[in-house]
Amino acid sequence: MEFELEYKDNTLNVVAEVAVYRDEGTYDTPPYTEHEVLNLEVSMYDHEGSLVYLPTELLAKELRDEIDNTINDRVE
């Protein structure tokens with residue numbers, strides 16, 4: 001899954017490898033979907049036009065939450 005995200009006047013490119021598990025359910029259990037992010041890359045272009053990859057472990061919690069919410073919305 002790929003998408004762009006605006007964050008503090010920057011356009012970030014997000015590439016996420018997501019495993020999706022779906023269960024159709026049975027007569028007594030509802031269907032459900034679970035997913036797991038296997039790989040995540042976040043990059044942006046710096047002021048010189050060079051592509052820079054951002055370490056995901058150093059992303060601000062606010063940004064990580066926004067990425068997670070976008071992935072959750074797209075999986076459902």
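Colleague: Which residue in β2 does Leu5 stand opposite?

Modeller: Leu5 sits across from Leu12 in β2. Keep in mind that this is a predicted model, where local features need pLDDT of at least 70, side-chain atom pairs count only at pLDDT 80 or more, and totals for chains, interfaces and linings use all residues. Numbering starts from 1 along each chain as its sequence is written, and side-chain values use heavy atoms, with hydrogens and water left out.

Colleague: How many bridges join β1 to β2?

Modeller: There are 6, and the two strands run antiparallel. They form a hairpin with 2 residues between them, and Lys8 in the turn has a positive phi of about 50°. Strands here are DSSP runs (E, at least two residues) and helices are too (H or I, at least four), numbered from the N terminus; strands pair if DSSP finds at least two bridges between them.

Colleague: What's the strand order in the sheet?

Modeller: β1-β2-β3-β4, an open sheet with antiparallel pairing. β1 (2-7) and β4 (51-54) each have a single partner strand, so one side of each lacks a neighbour in the sheet.

Colleague: And what does Val42 pair with?

Modeller: Val42 stands opposite Leu54 in β4, and Val42 in β3 is also the bridge partner of Val14. β2 and β3 pair over 11 bridges, while β3 (residues 32-45) and β4 pair over 4.

Colleague: Switching topic, which strands does helix α1 touch?

Modeller: α1 (residues 61-75) packs on the sheet and touches β1, β2 (10-23) and β3, where contact means heavy atoms within 4.5 Å.

Terms used
Axes are lines fitted to C-alpha atoms, for helices over the stretch in contact, and angles run from 0 to 180 degrees between N-to-C directions.
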